[in-house]
Amino acid sequence: PVFALVAGNSAFSLPCPAKTVVKGDSISASIAAPSILAKVARDRLMHEMDQLYPGYGFAAHKGYRAPIHARALLDMGPCAIHRLSWAPVRLALMGKDPMRAWEEGDEA
C-alpha cells in the first residue's frame with residue numbers, strides 16, 4: 001500500500017503514510033466498505049460461536065451488551081472466547097451483576 005485511511009483518531013504504525021478520519025465510515029466509502037465486511041464476518045463468527053458455546057445468545061446479540069449475555073455470564077461464567085479483561089466478565093467472575101458495568105458505562 002502507498003497510503004491508508006484509518007477510521008478514528010488513533011494513528012498506529014503502518015508501512016505507508018496514513019491519515020486518521022474521525023467518523024470515517026460516514027465520510028469515506030474506502031473506510032465504510034471494509035467496516036461493513038468486518039461486521040458481516042463478525043456476525044458469522046458469532047453464529048458459529050453460538051453453536052460452540054450455547055446459552056450465551058451470541059447469535060442474537062453478537063457479543064454486545066444484552067441482558068441475556070449478562071445473565072449467562074453470571075449463571076455459566078465466561079467461556080473460552082470471553083475476554084477476561086472486559087469489565088462485565090470481571091464482575092461476573094466476582095459474582096457481581098455484569099449489567100452494572102454497562103449501566104455505569106464501564107466496558108473497558
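A pocket is an open set of grid points with protein on both sides within 12 Å along at least five of seven lines. The structure examined here is a predicted model. Its largest pocket holds about 290 Å³ of space.

The lining of this pocket was examined next. The largest pocket is lined by 14 residues. Those nearest its centre are Arg42, Met46, Gly63, Ile81 and Arg83. By class, the lining comprises seven nonpolar residues, four charged residues and three polar residues. Helix α2, which spans residues 29-52, contributes the most to this lining. Four of the lining residues come from helix α2.

Helix α2 also holds arginine 44. Arginine 44 has a relative accessibility of 59%. The cut-off for an exposed residue is over 50%, so arginine 44 counts as exposed. Arginine 44 and proline 78 lie 34 residues apart along the chain. Their C-alpha atoms are separated by 20 Å.

Cysteines were considered next. A disulfide is a covalent bond between the sulfur atoms of two cysteines. A search of the whole structure found zero disulfides. Cysteine 16 has a relative accessible area of 11%. For cysteine 79, the relative accessibility is 12%. Buried means under 20%. Cysteine 16 is therefore buried, and cysteine 79 therefore counts as buried too.

Note on methods:
Residues are numbered from 1 along each chain as its sequence is written. This is a predicted model: local features need pLDDT of at least 70, side-chain atom pairs count only at pLDDT 80 or more; totals for chains, interfaces and linings use all residues. Side-chain values use heavy atoms; hydrogens and water are left out. On a 1 Å grid over the protein atoms alone, a cavity is a set of points where a 1.4 Å probe fits but cannot get out, and a pocket is an open set with protein on both sides within 12 Å along at least five of seven lines; lining residues have an atom within 4 Å of a point. Grid points are joined across faces, edges and corners, and a volume is the space filled by probe spheres set on the points. Helices (H or I, at least four residues) and strands (E, at least two) are DSSP runs, numbered from the N terminus. Ala, Val, Leu, Ile, Met, Phe, Trp, Tyr, Cys and Pro count as nonpolar, Asp, Glu, Lys and Arg as charged, and the others, Gly among them, as polar. A disulfide is a pair of cysteine sulfur atoms within 2.5 Å. Buried means under 20% relative accessible area, exposed over 50%, partly exposed in between (1.4 Å probe, protein chains only).
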